[in-house]
Number of protein chains: 2
Amino acid sequence: MKIVIIGGVAGGASAATRARRLNEDCEIVLLERGQEPSFANCGMPYYVGGEIKSRNSLLVAPIERLRQRYRLDVRIRSEAIKIDRVNKHVTVINLATSEEYNESFDKLIIATGASPFRPSTPGIDSSRILELRDLKDADRMHALATANAKHAVVIGAGFIGMEVAENLVRRGIKVTIIQISDQILPTWDSEMITTIEDHVRKQEVDVRLNESVERFEEIEAGTKLAIYLKSGEMILADFAVVSVGVRPESKLAKDSDIVCGARGGIATNPSMQTNDPDIYAVGDAVQVIDVVTKRTTQIPLAGPANRQGRIAADHIFSHKSNYRGTQGTAIVGVFGMTAAMTGQSEKLLKRDATPHEKIYIHPMDHAGYYPGAQPMTLKLLFDPSNGKVLGAQAVGTTGVDKRIDILAIAIQAGMTVFDLEEVELCYAPQYGSAKDPINMAGFVASGVVRGDQPIVHCDKIHDNSDSNYFLLDVRSEAEFAAGHIPNAINIDLDRLRERLNEIPKDRPIATYCKVGQRGYMALRILVQKGFKVVNISGGYTSWCHRFPSGS
Amino acid sequence: MKIVIIGGVAGGASAATRARRLNEDCEIVLLERGQEPSFANCGMPYYVGGEIKSRNSLLVAPIERLRQRYRLDVRIRSEAIKIDRVNKHVTVINLATSEEYNESFDKLIIATGASPFRPSTPGIDSSRILELRDLKDADRMHALATANAKHAVVIGAGFIGMEVAENLVRRGIKVTIIQISDQILPTWDSEMITTIEDHVRKQEVDVRLNESVERFEEIEAGTKLAIYLKSGEMILADFAVVSVGVRPESKLAKDSDIVCGARGGIATNPSMQTNDPDIYAVGDAVQVIDVVTKRTTQIPLAGPANRQGRIAADHIFSHKSNYRGTQGTAIVGVFGMTAAMTGQSEKLLKRDATPHEKIYIHPMDHAGYYPGAQPMTLKLLFDPSNGKVLGAQAVGTTGVDKRIDILAIAIQAGMTVFDLEEVELCYAPQYGSAKDPINMAGFVASGVVRGDQPIVHCDKIHDNSDSNYFLLDVRSEAEFAAGHIPNAINIDLDRLRERLNEIPKDRPIATYCKVGQRGYMALRILVQKGFKVVNISGGYTSWCHRFPSGS
């Protein structure tokens, strides 16, 4: 048995080492275009910023170990340029010598990954415009960041863009972020990200939304880059980093009639086999089934790439294991804040017209009475007909990864919001709460599904002309005075029962407080007194996230 | 409708506020023996130690708020002394005035909690022997700890004992811990706790295992306490804290023929009703169904108490909600280390003769290449016939709570170790790993269930006379030289294929490395070469945890 693997890193290297563990005698050829078959690409921004001091720590599995311990025939600077399916060989070019040769295979695993999308903006070919895909890119960015650079422009405010921005600031470089849409981190729903946007601006990062680049121009004898924006402005920078998304690198597969999906990813079955049963594909190059929607999609993630590599090797050696699909669990750290998500976002549910409801809560990461408790915002998306969890997003500092990981398992298990009420988590005051944020989200969402706790969202309140809600702020007078939703009337919850006569019986009431709990109590009181009431989910805090300007 | 609730804090206060949210018109009487109907008892040790500065922060829901916002008839210093089920009233004694009166009820909720077990040791009644159940206790301990105390003895090394010990050390007090069994934190399996024991000793805490108190004696005009140990020694201390477990406080229930279980807890159905359908019981006073074993047990925990309170109120007002049982998710912080667990321990599985297998892994809490990664040990218990997760324990510093919370959900969902292989968690290098500890545990345990990765445990190796394993240490020579299992032979994994002739064909081989991964690779190589091999789960690290003296 001879296995040829095109591409190292997560998917390819996992497939290779798993194959060796399963079979001591097979021949395994690992073709890697770059210098290193296995490196920590998620660590590269932090190497640029100096948080990771040594470049060596990025080398997850050094070539020597792969050769010695796993008996892999690792060939670096070796690019596969053609797959001959009939004769079962791959044409390889040795990038060091430019020699071409054919390498035969019994089984082929394509792990070519995804490549950064390079827009066709005029001037894009300047050597001062970087991307961040491999160690070569990281080395160049590291060199520029530790030289005398004063100002850099990051184009694209996704995961990599934000991580690069943070790390350039860590190097003392002034950073401008150019983002074509109206929010940073566009994988998240926009209202979840406004606090992070605010936080990023407080680090003196210049964030430009709804903006894009018209053209780049090298000036001052190629030592500076002039970046001309659509809005007319010109920004002068030492260099720019382009990170506007990735595309599956599937050309090699397509050229040999391996079936690819609409968005370019290689199509596979759950065993990671392509339409050619001797050819597998894994990692960012493949399309995956979304666990929640069961639709095909492209979600480039390291964890799934590892698993797919393992599964391909399993299948080659007749071990049962199937890829269940990807649910898009993701996390990013931004200047000490954290955004995480799993499952469907609201924007995806809307795009696909999937029935959904959402709730917001703003709990502390651990018991409020224990020092150091940090607030977070948690958004839970669920099917209003049966309470099935569809997705979740959280933003805060500590404890955000934990809650999204918990909800990732809940989605995997097909749990409902009723199950979340019953979740039994670790509780000591420095770690969590007796009613953990997960329980709280379950309580609130279950109340919505059961009808005990009708809610309304900020958008509907903002555009109040149709619904004509009587806006009832049940916080204290001091809280109300410090800021409230326009046109709200203030009655402190603790006075509500005495002041019912001030509330109209002929209009729907929308209650709110700071985060939703007092608003809910007010709702319960009013409902029982015959009023028609909804509670604004997430309260004034959610209002401020949705309409940060206060409008 | 008139509801009387006996006892505040978690269960009682949750029942009361939930009942009010569900019904605005019912009468709710909350009888509390102490001064405060709702306080954070889990925070008390940290108030004693000064980590929580203000006593007020322990008051979760001040009486005034319960009265005003929830319209509860809160009666403090009011002890229920008799339940008359026929006439449906409770006899209450006002502890301030010693007056007795009868309070009628339509529905009664018993939330009397659990009381610290007070051993009958001679001298136990000294005022210098404290326990830590309520705010009164916390106040006394706080006063002693902030006065001139130099030395305290903590009797019982469970959750509260260890938290108290840590917080007395924080106050500069020398602490001796007396524990009757051979380990601290006896809820955990002993080998999981040895690193914490070591860590506690490094804080200059004097930990005495297999030790107990013969008698106490006040000396120096009652300003000191002499503690005479079974071993013959006498320790002189300023005060002692006794925390040797709790007992459900069910006498009131028993006296009125409410059915209690063998271990004293009040028996309820999933709606928290006792054998009297108008009488409910919630919190530490009740017995619960263990989620994993389906047997009745006593597990005092704040989260379940809260949920049970909510469920009792739901049932009174005809809302559907059932208590699914308790799985014993628990966590404790000990001088910066963390121990957490969920589901069954190995000792419980053994006691009940439940078929089980276990694996150990020793991963980092986040990607090793990112600064600050901390090691943890994770033990997973599962059914070897189908891989169903039965329990988990973890010990380390950061990230321990997260992994146990994830496994708590996995147990709730009835997941198997195969599901854990597929879990898709948050990954960025500062938060986790592309192969998270949860995935790794899934990989290893699945390998065991599938038969790809036969394992053996340290106890069997330690007592090697029967099995006659050839012990093969596949770490580097330097690692081997620094310490190894007695009688092991060292062949570096990377030289193994060349040195197969040194390995006997006629004896079973037990491979090991530092944590298990290289040992597993060695096993895969050897198995395919016809050797009979097992891997020591958790490797030399697990060996050192199990036999910390190195024997």
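Analyst: In what follows, two residues touch, or are in contact, when heavy atoms of theirs lie within 4.5 Å. The model is a predicted one, and the part to look at is Ser537(A), which lies in the loop between strand S30 (533-536) and helix H16 (539-546) of chain A. Leaving aside residues up to four places away in sequence, Ser537(A) touches Lys358(A), Ile359(A), Tyr360(A), Ile455(A), Val456(A), His457(A) and Ser542(A). Ser537(A) has a relative accessible area of 4%, and because buried means under 20% relative accessible area, this serine counts as buried. Its side chain reaches the backbone nitrogen of Tyr360(A) at 2.9 Å. The C-alpha atoms of Ser537(A) and Cys458(A) are separated by 7.9 Å, although the two residues are 79 residues apart along the chain.

In helix H3 (residues 63-70) of chain A, the buried residues are Ile63(A), Leu66(A), Gln68(A), Arg69(A) and Tyr70(A). Their cover includes helix H1 (9-22) and strand S3 (73-75) of chain A, together with helix H15 (517-528) of chain B. After H3(A) comes Arg71(A), whose phi is positive, near 50°.

As for the interface itself, chain A and chain B bury about 7600 Å² between them, with 53% of it on carbon and sulfur atoms. On the side of chain A, Arg69(A), Tyr369(A) and Glu424(A) lose the most area to chain B, and together they make up 11% of what that side buries. Glu424(A) also meets Arg307(B) in a salt bridge between side chains, at 3.9 Å from N to O, and across the interface the rule finds 16 salt bridges as well as 46 residue pairs in polar contact. Helix H10 (residues 400-412) of chain A gives the most to the side of chain A that touches chain B, with 9 residues, and the residues of that side divide into 38 nonpolar, 19 polar and 29 charged.

The contact takes 86 residues from chain A and 86 residues from chain B, and 100% of the interface residues of chain A are also interface residues in chain B, so the copies meet through the same surface. Chain A can be laid on chain B with an RMSD of 0.0 Å by a turn of 180° and a shift of 0.0 Å along the axis, which is the relation of a two-fold axis.

Technical notes:
Residues are numbered from 1 along each chain as its sequence is written. Chains are lettered from A and ligands numbered from 1 in the order in which they are written. This is a predicted model: local features need pLDDT of at least 70, side-chain atom pairs count only at pLDDT 80 or more; totals for chains, interfaces and linings use all residues. Side-chain values use heavy atoms; hydrogens and water are left out. Copies are superposed by least squares on the C-alpha atoms of residues with pLDDT of at least 70 in both. Buried area is the accessible area (1.4 Å probe) that two parts lose on being put together, summed over both. A salt bridge is a side-chain nitrogen of Lys or Arg within 4 Å of a carboxyl oxygen of Asp or Glu. A polar contact is a pair of N or O atoms within 3.5 Å; within protein, one must be able to donate a hydrogen and the other to accept it, and residues adjacent in sequence count only if both atoms are side-chain atoms. Helices (H or I, at least four residues) and strands (E, at least two) are DSSP runs, numbered from the N terminus. Ala, Val, Leu, Ile, Met, Phe, Trp, Tyr, Cys and Pro count as nonpolar, Asp, Glu, Lys and Arg as charged, and the others, Gly among them, as polar. Buried means under 20% relative accessible area, exposed over 50%, partly exposed in between (1.4 Å probe, protein chains only).
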